Amino acid sequence: MIRGFTGRLIRAVVAVCMGVSGAVLVGSGAGAVVTWTESRSSGPSTWELTWSDEFAGTAGTLPNSSKWRFYEGGVGNNELERYVKLNDPDNAAQKHASLDGNGHLVITAYENTDPNLRCPNQESATVCAATSARLDTYQKFSQQAGRFEANIKVPAGKGLWPAFWGKGTGTLVNEMDIMEQIGNANGEAGKAHSALHGTDDLHLTSTYTLASGNFSDAYHLFAADWYPDHINYSIDGVSYHTIYRAQVESLGKQWPLVEDFYLILNLAVGGDWPGPPDETTPFPAQMYIDYVRVYQQTAPKVNAVGAITNHNDKCVDVAQSNPPDGTVIQQYTCNGTQPQTWTLATDGTIRAFGSCLTVPATAPGSKAEARACVPNDLTQQWRVEMGAQSGSVKMAQLYHSASGKCLQVPATGAQLEIQPCGPALGQAWSVPAGPTNHWRLTDGTGTTAKDFSRNANHAACASGVTWTPDAVRGTVAEFSGAQSCATGTGPVVNTGQSFTVSARVKLPGVPLTGNKTAVSQDGAQQSGFYLQYSGSLNAWGFNRMSADIANPTNNTGTYGTTTPTAAWTHLTGVYNAADTTLRLYVNGTAEGTPVAVANPWSATGPLVLGRGKWNGNPADFFPGLISDVQVWNRALNAQEVKSVALYQ
């Protein structure tokens with residue numbers, strides 16, 4: 001959507017920057033570098049929400065003026081719309097940009113019937129074909145680096161040009177186009193475009209094509225992940241366009257992502273690229289925006305467990321068990337064992353056997369090894385960055401904080417090394433997904449238990465839940481035995497499918513009478529699961545009711561064999577839909593007998609910390625300390641559960 005950048009030049013740049021089969025080229029000629037073909041989004045989230053608009057409000061309400069302004073300037077690219085101003089008569093602003101009452105912002109373009117309405121084009125003053133709206137966050141919100149995303153349904157029609165993009169607050173020229181879509185001209189209905197533009201005639205673009213259907217058929221998530229050394233564009237979680245700073249600078253161009261950017265939403269009409277509307281264009285045309293969210297990369301709190309594989313389908317591997325310092329970290333045939341089960345921890349380390357993936361030196365080619373973990377040691381700090389991908393496997397880069405380089409498979413040999421980050425196939429890693437939700441319960445004040453996952457499904461706690469210091473775990477949540485915390489929306493997991501739930505718990509003393517539930521998820525009458533202490537058995541348990549009815553019979557549970565104590569205990573409950581079994585792990589070790597679930601019904605209520613539900617009423621309140629509650633929408637295997645339990 002760059003001003004003064006013509007459609008003809010845009011198409012020329014696409015021809016330069018796109019190779020066949022979706023391979024991305026940066027630059028042109030003999031110096032161009034081809035990345036691997038991309039397909040799916042990468043790895044666990046490292047983002048924390050910094051700004052958003054969910055567009056909640058009454059139908060007909062203007063967008064939040066503390067977040068958005070109506071753009072009142074001219075247009076370029078020989079576009080044929082006039083953007084309404086906030087104070088235009090006849091409620092024009094509301095008519096062209098307002099909430100629909102269902103959680104959406106709607107930007108509407110109307111066909112112009114006034115022969116005297118002129119478009120303030122840069123190129124010429126001509127009669128407008130339409131009136132529309134352009135909103136931006138200029139002088140209201142801006143951010144340098146992070147994730148910028150919007151869930152949008154675009155209109156269909158010749159000459160329509162919806163866009164979601166950003167501009168630099170200082171230069172007002174540097175530009176990232178996260179989504180541009182140009183109606184249905186020339187087979188464009190199933191295509192969307194992204195671009196990066198700079199002050200020194202830098203124009204790098206790419207195109208994403210839906211496998212079937214058109215972009216106007218449904219909402220699609222358009223995102224840009226902006227890192228210090230590259231930017232990655234994706235649609236519906238599918239990465240398709242990655243641009244690296246080093247490559248841009250190798251072309252003799254300046255890297256444009258060096259300032260805060262503000263955001264823009266608009267529905268343009270006409271212009272050099274889409275061409276003018278015609279009698280088939282369906283006015284009024286409407287662009288629906290479900291939400292806009294901006295995240296900042298945390299430092300870096302990933303929290304995931306599992307194997308890390310490369311493009312050769314080999315695994316990152318510790319060369320020996322219980323490794324001494326200096327043990328080689330290598331690529332090796334995947335075998336599902338503990339040396340290949342890694343924890344991408346919340347402190348930025350990557351761990352196996354309690355040791356950390358370390359590169360002690362910073363020069364290119366420096367080798368990776370296992371060493372004892374040292375707090376805040378940058379040689380052991382890693383950041384998961386979304387990059388290009390290969391085939392159907394999720395891919396990411398692993399950025400080494402001390403060197404600013406990326407983990408790579410060597411050209412020869414097996415020991416991994418670091419090299420300058422770029423579109424090298426050897427830097428493409430499949431990393432395990434983090435938990436879908438994570439309540440650390442370290443909040444310390446207030447009545448909200450923050451969900452540290454990107455889903456941000458925070459839990460509201462009743463007044464009987466307090467924050468208390470603990471000698472082992474620091475600040476934790478203390479439950480009185482009569483109160484609980486519940487998420488604002490539910491369900492968190494589909495209990496009819498595979499899932500895993502874990503928590504660290506501490507009771508004041510045992511044995512106790514009655515059941516004491518640490519984590520559950522509400523159904524109408526019963527909880528969909530109970531991760532709990534059983535007073536009648538004096539044992540830890542993971543249970544499910546046979547049906548969501550009053551007084552169900554033939555209920556299912558698996559119980560631990562280790563006698564509970566008043567010490568901190570890590571509990572994990574796993575439901576595997578593949579074999580319909582419940583499994584319980586205590587401190588990372590499988591206990592009890594896996595049991596089959598005859599009716600794995602789905603509980604649709606909120607996830608609850610500190611109680612269960614029985615016959616429609618709160619029950620089984622937990623009297624003690626709870627910390628580090630995590631949920632996955634898959635069944636963790638035994639090695640993964642052990643790694644989660646071991647990492648503190």
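User: How many helices and strands does the chain have?
Analyst: Quick background: this is a predicted model, where local features need pLDDT of at least 70 and side-chain atom pairs count only at pLDDT 80 or more, while totals for chains, interfaces and linings use all residues. Residues are numbered from 1 along each chain as its sequence is written, and side-chain values use heavy atoms, with hydrogens and water left out. Helices (H or I, at least four residues) and strands (E, at least two) are DSSP runs, numbered from the N terminus. Counted that way, the chain has 4 helices and 52 strands.

User: What share of the residues is buried?
Analyst: A residue is called buried under 20% relative accessible area, exposed over 50%, and partly exposed in between (1.4 Å probe, protein chains only). The chain has 648 residues, and the buried share comes to 56%.

User: What share of the contacts with a separation of 6 or more joins residues 24 or more positions apart?
Analyst: A contact here means heavy atoms within 4.5 Å. Looking at contacts with a separation of 6 or more, the share from residues 24 or more positions apart is 68%.

User: Which residue in β40 is the bridge partner of A459?
Analyst: Strand β37 covers residues 459-461 and β40 covers residues 485-487, and they pair in the antiparallel sense over 3 bridges. Within β40, the bridge partner of A459 is T487.

User: Which cysteine forms a disulfide with C461?
Analyst: A disulfide is a pair of cysteine sulfur atoms within 2.5 Å. C461 lies in strand β37 and its partner in strand β40, so the pair ties together parts that are 24 residues apart in sequence. The sulfur atoms sit 2.1 Å apart, and the partner is C485.

User: Which are the edge strands of the open sheet of 7 strands?
Analyst: Here the order is β4-β11-β20-β13-β14-β15-β16, with antiparallel pairing. The edge strands each pair on one side only, and they are β4 (69-70) and β16 (202-209).

User: Is the disulfide of C356 and C373 right-handed or left-handed?
Analyst: The S to S distance for C356 and C373 is 2.0 Å. C356 is in strand β28 (residues 355-358), while C373 is in the loop between β29 (369-372) and β30 (382-386), 17 residues apart. C356 counts as buried at 1% relative accessibility, whereas C373, at 25%, counts as partly exposed. The torsion about the S-S bond is about 105°, so this disulfide is right-handed.

User: Are C406 and C421 buried or exposed?
Analyst: A disulfide joins C406 to C421, with S to S at 2.0 Å. C406 lies in strand β32 (residues 405-408) and C421 in the loop between β33 (417-419) and β34 (429-430), so the pair ties together parts that are 15 residues apart in sequence. As for cover, C406 and C421 are both buried.

User: What pattern do the disulfides of the chain follow?
Analyst: The count comes to 5 disulfides. With bonded cysteines counted along the chain, the pattern is 1-2, 3-4, 5-6, 7-8, 9-10.

Note on methods:
Pairing = 2+ DSSP bridges.
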